[in-house]
Amino acid sequence: GYEGGIPGIFYGPHWSWMISVVQLFDRNPAVVATIVLFIPYFTLLPWLFFKFKTIFGTLTTACLWLLYILAYHSRSMHLWHIYAAPLILLALIYVLVTIDWNKLHKKGLVKLSVAGFLTSLLLNIHMSLGSIITLAVLVYVGTNAIWSLVTPSFRNRSGKTKPLFGLILFGLGFLLCSLPFILFELRHNFMQTKRITYVLTQSFLYNSAVVGQVGLSQNQIWWEFGKLPLTIFQIPDVYAYVWWLVSVFIAGFLLGKGKLVLTPLQKRLVFFLGICALFLIFVYLSSKNPIWEYQFVGADIIVVLLIGLVVSRSRILTLLTVGWTVWLSFSLLFKTVTEKPLDPLSLPTLYAKRYVVEQIYQDADKHPFTVYSYSPAIYTFDYDYLFKWLGKDVYKYEPELDTDLVYLIIPEATEKIKTEFVGAKTPDAQFVTQREWQIKNDTVVIKRARRN
């Protein structure tokens, strides 16, 4: 896989495999995103949510799914591996909490192996969140295994072997999904293992970071955690303090009325979600390396399930949540129907970039050309992919190096940046501008030809 946020540590190949399977049939990024994310978000996600109806009830579960998809529907349309993490985490939570360690039969043992596989998959898809959830899973599974061994129902020999066998199956599931990582390490002299050891050593022993950038401050990290429920309910951030005061009052009221009596299944869910939340808060606040907003993707699953536990304890809260969800749904529908859609060419989208690529091919009129695109981040993966895909599948030829015709693509930038980029790629002593045009999102395309 590609390199993660810490140099020398790589994501696994699982996400690349997912999109590569689709690309065997169609290289269009829109089609790939539809199959890999959009369809799962509107089929697998509701199916997983409704697996929790035995915990929350059907009405509350329906509201949780609608609230989540209304708040985060954009994730289903942007092709980014991070956005697959909530689906995996939701599946992992369900599998883990539905294992009854006091009755660890064949089905429970199978679930443990699946939980191991999902834990490793989450680690490979979303490294920062996955590493913390992995620690939480190990604590949860280990605690339950130890507890089951000391309870009366497991005093006989055959009973004691089941939790141990379950731990082995969990480990095998984890190792199965981690095979690409293991093989990579064996072939490359444990490069990533050494790097991970170095990062942990610098962090714990020397209180030092290995990444130079400065991420969120501790106050900003607290704020990111605190606003998660407001994002789910689509309440403006300015009401954050009011929200938390009301939430504490409601929790205290329900506790005083004895409404927070939980079933064994609900207790297991609270236990695991509590471990995950505490680990996330502790690790993110104590991390010496930078923490960014995207690392909270997936933490919203923990929050929405905790909300479900509280709401399902009260009929009044359930009815209020239903009413708010219906209001949000109709508001979004009304906005979608009545609001004038934005011109996609006025935004820095892949659609606009594809339009630029198609214009260049049409202007080149089958003549060989070279293309350079400017990016502050240096990398230009989007244009690289578009030229390779459309060049191979539609126009039957791709850009070349060192031709007499050069196209320069410059997104919205200052005149100084534009001049420096043009001069660096096509010096005025060797090239002359033949044409220049601009699209609605202020991307400029400059056509330069070599002087005779």
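A search of the whole structure finds 13 salt bridges (side-chain nitrogen of Lys or Arg within 4 Å of a carboxyl oxygen of Asp or Glu). This is a predicted model: local features need pLDDT of at least 70, side-chain atom pairs count only at pLDDT 80 or more, and totals for chains, interfaces and linings use all residues. Residues are numbered from 1 along each chain as its sequence is written, and side-chain values use heavy atoms, leaving out hydrogens and water.

Start with Arg435 and Asp363. Their closest N and O atoms are 2.7 Å apart. Arg435 sits in strand β3 (residues 431-438) and Asp363 in helix α17 (residues 350-364), so the bridge ties together parts 72 residues apart in sequence. Helices (H or I, at least four residues) and strands (E, at least two) are DSSP runs, numbered from the N terminus. A network of salt bridges links Asp363, Arg435 and Lys447.

Asp428 pairs with Arg448, again as a salt bridge, with closest N and O atoms 2.7 Å apart. Asp428 is exposed at 52% relative accessibility, whereas Arg448 is buried at 4%. Buried means under 20% relative accessible area, exposed over 50%, partly exposed in between (1.4 Å probe, protein chains only).

Now turn to helix α2 (residues 29-50). α2 bends by about 50 degrees at Pro40, the bend being the angle between axes fitted to the seven residues ending there and the seven starting there. Pro40 is among the buried residues of α2, as are Val36 and Leu37. At the N-terminal end, Asn28 caps α2: a side-chain oxygen lies 2.9 Å from the backbone nitrogen of Ala30.

Methods. A polar contact is a pair of N or O atoms within 3.5 Å; within protein, one must be able to donate a hydrogen and the other to accept it, and residues adjacent in sequence count only if both atoms are side-chain atoms.
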